Amino acid sequence: MGKTGDNIMEDPEQTGKRAAARRAVDDNIRDNQVIGIGSGTTVVSAVDRLVERVRDEGLNIVCISTSFQTRQLILKNKLPLGTLEEYPELDVAIDGADEVDTKLNLIKGGGGCLTQEKIIASCAKEFFIIADDRKDTGVLGTFWKKGVPIEVVPMAYHPVQLKIQKMLGGKVELRMASRKAGPLVTDNGNFILDWLFDGLQVDWLDTDRKLHCIPGVVETGLFLNMAKAAYFGTSDGKVFIRTASNSLPPSDPTPVCIR
């Protein structure tokens, strides 16, 4: 899609992201809602659409951020910013994903914000995913080759790394920071391990339970049975929607840990 008045062509990936974000906001955001705002590049388009609707329709909304980046984005656009202390129950949360399978299982955390993203998603009555259609692969690990992000307490990163490899196989790497020496540090002051599972047959629900049972693991980038629907935008600006009608059954919130 070309920009009016010049010869600059928009990146097809960005066209898809923007289309999905705008459609999700238009379909699911109503007046007097408290909205969880995810992190990453796709969410920028969702915020842009929220700004337009607040301006044009006079929507009264409150936004809850999932990261420092999102908080700055909300403040920059002069949208009302709230906290979970004020609003522990959200109406809607909208976020991106690194990959989505046929049952709306998600890998998230490529940007390192998985813990706060999952907290916000868990507090929302409805959770929607927005992404370009490359993320809709049917099987996790098809497109996203960087593994499952796992946030860990810094002192435990190496024992956790070894335990995951012994228990689940594959390879676990400590994520390093970009443009600085040392590991990436999350907004919570923790490290990120990436579990590379390429070629393994994975039961995601069982895997997520096992990971949570390892002392030192804070949260995983597996978002299972959480999303109500995923909006996928194509390079020509079309949007298709997958619902969670065939998602996994609800998981036990207090899994039994066997060591």
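Reply: Contact here means heavy atoms within 4.5 Å. This is a predicted model, in which local features need pLDDT of at least 70 and side-chain atom pairs count only at pLDDT 80 or more, while totals for chains, interfaces and linings use all residues. Residues are numbered from 1 along each chain as its sequence is written, and side-chain values use heavy atoms, with hydrogens and water left out.

Me: Is Lys 135 buried or exposed?

Reply: Lys 135 sits in the loop between β7 (124–132) and β8 (136–138), the strands being DSSP runs of E with at least two residues, numbered from the N terminus. Leaving aside residues up to four places away in sequence, its contacts include Ala 97, Asp 98, Phe 143 and Phe 232. Buried means under 20% relative accessible area, exposed over 50% and partly exposed in between (1.4 Å probe, protein chains only). With a relative accessibility of 11%, Lys 135 is therefore buried.

Me: What kind of aromatic pair do Phe 128 and Tyr 231 form?

Reply: Rings of Phe, Tyr and Trp (its six-membered ring) pair if their centres lie within 6.5 Å, and planes under 30 degrees apart count as stacked, over 60 as edge-to-face and the rest as tilted. The structure holds seven aromatic pairs. For Phe 128 and Tyr 231 the centres are 6.3 Å apart and the planes stand at 70°, so the pair is edge-to-face.

Me: How many residues apart are Phe 128 and Tyr 231?

Reply: Phe 128 is buried at 2% relative accessible area, and Tyr 231 is buried at 4%. Phe 128 belongs to strand β7 and Tyr 231 to strand β14 (residues 229–233), so that the pair links distant parts of the chain, 103 residues apart.

Key
Helices (H or I, at least four residues) and strands (E, at least two) are DSSP runs, numbered from the N terminus.
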